[in-house]
Every structure is written in structure tokens, then in C-alpha cells.
Amino acid sequence: MAEPTYTPPAVWTWNKENGGRFAAINRPVAGPTHDAQLPVGRHPLQLYSLGTPNGVKVTVLLEELLALGHAGAEYDAWLVRIDQGQQFGSGFVGANPNSKIPAMVDRSGPQPVRIFESGAILVHLAEKFGAFLPTDPAARAECLSWLFWQVGSAPFLGGGFGHFYAYAPVKIEYAIDRYAMEAKRQMDVLDRRLAESPYVAGEDYTIADMAIWPWYGQLAKGLLYGAGEFLQVQEYRHVLRWAEQLMQRPAVRRGRMVNRTFGDPASQLHERHEASDFDTRTQDKLQPAGGSAA
Ligand SMILES: N[C@@H](CCC(=O)N[C@@H](CS)C(=O)NCC(=O)O)C(=O)O
């Protein structure tokens, strides 16, 4: 093993220069940095988010609920630019004391209800509309097990593998090895499961698929961290089959566009307030000829 190049001091201190790509937003303390109220639209559900995998889980579920005819799932999706520190505004911290997207405020009842953590938002919506979360105890247990598997596993994929492989200012072999091994192990867990059943929780499409797809489905398609070849993702053929099947769903395609600020301008719907926004307000349509997207 390589000689260590760093000896931790007795007391850690915050070195703002050493945070890599996220130096501007990472802090060792919680709480708001500035006053900023959250906007409120006219729909019962207000979502404050960004089109990262954790954000996409929720917009896919909302679009699936609307496709099923649940008009109460109409929502306003507001863009939170985490690279500009908007997650530290006082209003956002009121909705999510953990300062991370996604956060939701459900205004359909007499008092607004805040929900944070993407998994909790998925369960809240699935229970509210009685969809995509089985009621049979055994099927429900399987669905929730995979949902919590995702919430517990993805930090090793994103914060571990993705961070050290793609974002860290130095390439550390030990860290990349450790997390590449874990990322491949997780993909194998999923691949073996999807060899047994069409969907992650069994015969039916559930919130477990919606939570897992934006992370592991995208990884299987080589769309995360530019790591397709490095992790040899084509080996996970059951995950690929499932990832492609989900991508065919119109609601998944729509959900993936909401609050998206990267990629093809036609795939970016920065804010979603009406169903018609998908046809009229993507960045290719808002962008003036020769101009750049807002
Ligand atoms: N466990 C959380 C994770 C959410 C999360 O990590 N969000 C990231 C974007 S994907 C974020 O908001 N980061 C901003 C920050 O760390 O300041 C969830 O599932 O909702």
C-alpha cells in the first residue's frame, strides 16, 4: 500500500480551499446562510428540487400519478440551484433542515405539511394516492426494503465512487478501488434481483423502481460519472433490460426533464407549473436564437 501523505491533526479545521468541485457549497455546519422565502404556486403540491437522480425520483412519481388520472398530484416544481447555495436560504431550510433537494410542501390539507428526504416524499405520495406501493404486507415489505436499499446504498455510489472517480481534485487509488468495488457489488445485487422478476419489488412497478432507476439505471446506461467502461456496466444485463424498459414510459421521460439544467436544451424544463410546459417551456423553446439558456 502507498505511504500515507497526510497525517490528521488532533483537531480538524475547515479548509475552504480543499473541498474540490463542491468547495463553494460544502460547509461543516447546518442552518440558513441568508433570508429567502420559497415561492408558492397554485397547485396542491409544491416541489423544490433539481434534476439530479434524487430529484428525478419524485418528478417521475408525480408524472406517473398524473398519468393514472390523479388530478390531486398536480404540482409546481421550482428550481433550486444548489451550486449557487439556494438550499441554504431560510425558506428552503424551513422545508428541509438538511439543506438538500428534493423538498416538498403538501398544501392540500388545512395546514401545509413539509416532507424532506426523497424516500419519505415517495412514501408520502404513494400512500396519499394509494398507488405504486403495495398494500399486501409481504409485497409492501419487499417494496420498502428495496426503497430503503436505494437510500442507504446510493451515497456509496455517488458520494463515494462518483466523488472520488469524477470530482475529487486528486485521484486516490485506495478510495477509487474501495468504492468501485462497492459500486459493482451493488450493481450485482440489483442484477441478480432483476434476473428473478420484471421489477425490483416483484411483478409490479413501484416506488422502489422509481427510486433506483435514476441512479442505477443511469449507471447501467453509462450515463453517470463517465464510468461505463471503467465499471464494465454492460455486464449487468438484467439491470440494462429494466433500465431500458422504464425509459420507454412517457411519465419517466417527462419526470426526467423537470428541473433539469444540463444536457440537450430540449430535455430541460427548468420549472414545471403546467402539463403543457413540456411542450412549450423547454430551454430550446425559451432560449432566444443565438442566446444561452437562463
Ligand atoms: N438523502 C437525501 C439526499 C439528497 C441529496 O444528496 N441532494 C443533493 C443533490 S442530489 C443536494 O441537494 N446537495 C446539496 C448540498 O449538499 O448542499 C435524499 O434522498 O433526499
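Where is Gly-217 placed? I looked it up in the model, which is a predicted one. Gly-217 sits in helix H6.

**Entry: Gly-217**

I then checked its contacts, leaving out residues up to four places away in sequence. Gly-217 touches Trp-242, Ala-243 and Leu-246. I also took one distance, to Met-187. The two C-alpha atoms are separated by 9.6 Å, and the residues are 30 apart along the chain.

**Entry: the whole chain**

I stepped back to the overall fold. The chain has 11 helices and four strands. Its C-alpha atoms fill a box of roughly 60 × 50 × 45 Å along the principal axes. I compared the radius of gyration with the rule for a compact globule. For 294 residues the rule gives a value near 19 Å, and the chain has 20 Å, so the two agree. Buried residues make up 37% of the chain. I looked at contacts between residues at least 6 apart in sequence, and 63% of them join residues at least 24 apart.

**Entry: helix H4**

I traced H4 over residues 137-167. This helix has 31 residues and reaches 42 Å from its first C-alpha to its last. That is close to the 45 Å expected at 1.5 Å a residue. Where does H4 bend? I found the bend at Ser-153, by about 35 degrees. Pro-155 follows within four residues. Ser-153 is also one of the buried residues of H4. Others in that list include Trp-146, Leu-157, Phe-161 and Tyr-165. I asked what covers these buried residues. The cover includes helix H3 (118-129), helix H5 (173-196) and helix H6 (207-220).

**Entry: helix H9**

I moved on to H9, residues 250-257. Its buried residues are Val-252, Arg-254, Gly-255, Arg-256 and Met-257. I noted that two arginines, Arg-254 and Arg-256, are on that list. The buried residues of H9 pack against helix H1 (53-67), helix H8 (237-247) and helix H10 (277-280). Just after H9, Asn-259 takes a positive phi of about 60 degrees.

The peptide bond from Ile-101 to Pro-102 is cis, with omega near 0 degrees. Pro-102 lies in the loop between helix H2 (90-95) and strand S3 (103-106).

Glu-117 has a positive phi, near 75 degrees, and is not a glycine. I placed Glu-117 in the loop between strand S4 (113-116) and H3. With 16 C-beta neighbours inside 10 Å, Glu-117 counts as partly exposed.

Tyr-225 has a positive phi of about 60 degrees and is not a glycine either. I placed Tyr-225 in the loop between H6 and helix H7 (228-231). Is Tyr-225 buried or exposed? It has 20 other C-beta atoms within 10 Å, so Tyr-225 is buried.

**Entry: the ligand**

I finished with the ligand. How many residues surround it? I found 13. The closest are Thr-52, Asn-54, Ile-82, Lys-100 and Ser-118. I sorted the shell by residue type. It divides into five nonpolar, six polar and two charged residues.

Technical notes
Residues are numbered from 1 along each chain as its sequence is written. This is a predicted model: local features need pLDDT of at least 70, side-chain atom pairs count only at pLDDT 80 or more; totals for chains, interfaces and linings use all residues. A residue is near a molecule or strand if its C-beta atom, placed from the backbone, lies within 6 Å of it. Ala, Val, Leu, Ile, Met, Phe, Trp, Tyr, Cys and Pro count as nonpolar, Asp, Glu, Lys and Arg as charged, and the others, Gly among them, as polar. The expected span of a helix is 1.5 Å times one less than its number of residues. The bend at a residue is the angle between axes fitted to the seven residues ending there and the seven starting there. A residue is buried if 20 or more other C-beta atoms lie within 10 Å of its own, exposed if 12 or fewer, and partly exposed in between; C-beta atoms are placed from the backbone. Two residues are in contact if their C-beta atoms, placed from the backbone, lie within 7 Å. The radius of gyration is taken over C-alpha atoms; the globule rule is 2.2 Å times the number of residues to the power 0.38.
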